[in-house]
Amino acid sequence: MHKRAMSETPSRSAFAGPKDYFALLKPRVMSLVIFTALVGMVASIADGAEIHPGLAAISLLAIAVGAGASGALNMWWDADIDSVMVRTISRPIPQGLVPKSEAAGFGMLLSALSVALLALSSNYVAAGLLAFTIFFYVVIYSMWLKRSTPQNIVIGGAAGALPPVVAWAAASGAAPLDAWILFLIIFLWTPPHFWALALYREGDYARAGVPMMPNVAGEESTKRQIFVYAIMLAASGVAPYATGLGGLVYLAVSSAFGAGFLVLSWRVLKSPPKSKEAPKQLFAFSILYLFALFAALLVEDLFALYV
Amino acid sequence: MSDAELSPEARKRRGQRNVAIALGLGAFVLIVFIVTILKISGNIGGA
């Protein structure tokens with residue numbers, strides 16, 4: 001054992017259980033990834049792709065593990081930031097439960113295994129896209145953009161938007177326009193979602209030195225940009241109907257929720273300075289928005305496939 | 001760190017970590033095996 005470790009009194013890491021390592025995978029983000037990837041995969045199958053259900057399930061597992069691995073690598077890289085933010089201070093590394101080096105090793109191991117498993121269970125296009133997603137999230141977003149520009153989550157959002165494309169490719173071996181429309185919806189959803197959060201957690205990000213839009217461009221500018229993104233999101237939200245990816249149910253759901261998103265963004269725009277209520281409402285609704293649109297697509301595709 | 005230096009709680013957690021690693025490795029082997037079988041049977045079916 002390393003000399004330094006020998007001389008230490010038993011650290012908190014001796015008390016880390018499996019659930020602390022599981023927490024490194026950002027389970028809540030992982031559940032969203034599984035859901036959006038599932039929708040991408042089912043849409044691909046409804047579009048004519050053929051994949052054995054067992055291989056489809058294993059491919060989804062590989063995508064989820066890949067997302068978890070990038071979460072662990074993000075926690076390794078951002079341990080210093082996480083230890084000063086209220087939102088992240090209870091994570092395993094700031095709590096001293098998991099050493100940084102172990103989080104790095106854990107993340108790299110799972111990255112390699114998830115990409116290899118996806119290559120085995122589906123194809124190299126999907127595996128390559130998953131590897132790119134992990135690289136983009138860890139290197140482009142976490143290591144480079146997050147601390148250097150308020151556009152961090154705008155560009156970095158591409159990583160969170162890729163899982164349905166990866167899953168589509170896993171089932172079909174290709175990534176057609178419809179897959180990229182799903183990407184576009186999540187990509188345009190990310191900035192208003194995180195900026196709404198940043199508006200009522202502004203102090204948190206400022207203390208950590210993360211250049212989020214509210215503490216760089218100011219509250220008013222952020223609110224305007226949220227509204228602009230809401231307009232683009234509401235418009236792109238109905239795009240699947242135009243291409244035939246979504247049907248009438250999807251059109252109704254995406255129109256209603258898009259209108260809701262616009263109304264709440266308008267309320268944020270018109271809310272008084274430092275008011276936290278409107279951004280909180282928008283943040284909560286944004287999660288519901290994404291879930292509703294993807295659930296509508298899933299229901300329509302399952303209905304078309306099995307009913 | 002030797003066993004004697006670990007508290008019973010720390011030893012219990014270490015055991016849990018070991019079991020989790022074993023289960024994870026076992027699951028990975030099993031999954032690769034299942035993928036192999038499904039791929040082979042798919043090819044036979046498609047031949």
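Which domains does the domain assignment of chain A give? The assignment gives domain 1 (23–175) and domain 2 (176–302). The model shown in these views is predicted.

**View 1. The two domains of chain A.** Domain 1 of chain A spans 23–175, and domain 2 of chain A spans 176–302. Their centres, taken over C-alpha atoms, are 21 Å apart. Contact involves 34 residues of domain 1 of chain A and 36 residues of domain 2 of chain A.

**View 2. The interface between domain 1 and domain 2 of chain A.** About 2900 Å² is buried between the two domains. Carbon and sulfur atoms give 78% of that area. Polar contacts join 5 residue pairs, both residues of each at pLDDT 80 or more. On the domain 1 side, α3 (27–46), α8 (152–161) and α9 (163–172) of chain A each supply at least two residues. The largest share, 9 residues, comes from α3(A). By class, this side of domain 1 of chain A has 23 nonpolar, 8 polar and 3 charged residues.

**View 3. The salt bridge of A:D78 and A:K146.** The two side chains meet at 2.8 Å, N to O. A:D78 lies in the loop between α4 (53–77) and α5 (79–82) of chain A, and A:K146 in the loop between α7 (124–145) and α8 of chain A, so the pair ties together parts 68 residues apart in sequence. Is A:D78 buried or exposed? A:D78 counts as buried, at 0% relative accessibility. A:K146 is also buried, with a relative accessible area of 11%.

**View 4. The salt bridge of A:D80 and A:R147.** Here the N to O distance is 2.9 Å. A:D80 sits in helix α5 of chain A and A:R147 in the loop between α7 and α8 of chain A, so this pair ties together parts 67 residues apart in sequence. A:D80 is partly exposed, at 44% relative accessibility. A:R147 is partly exposed too, with a relative accessible area of 34%. A network of salt bridges links A:D78, A:D80, A:K146 and A:R147.

**View 5. A salt bridge within a helix of chain B.** The side chains of B:R13 and B:E9 meet at 3.3 Å, N to O. Both residues belong to helix α1 (residues 8–46) of chain B. They are 4 residues apart, which means a separation of about one helical turn. B:E9 counts as partly exposed, at 33% relative accessibility. Over all chains, the count comes to 9 salt bridges.

Notes:
Residues numbered from 1 in each chain as written. Chains lettered and ligands numbered in written order. Predicted model: local features only at pLDDT ≥ 70, side-chain atom pairs only at ≥ 80, totals over all residues. Heavy atoms only, no water. Domains from an automatic or database assignment. Contact = heavy atoms within 4.5 Å. Buried area = accessible area lost by both parts, 1.4 Å probe. Polar contact = N/O pair within 3.5 Å; in protein donor to acceptor, adjacent residues only side chain to side chain. Nonpolar A, V, L, I, M, F, W, Y, C, P; charged D, E, K, R; others polar. Salt bridge = Lys/Arg side-chain N within 4 Å of Asp/Glu carboxyl O. Buried < 20%, exposed > 50% of the residue type's maximum accessible area, 1.4 Å probe, protein only.
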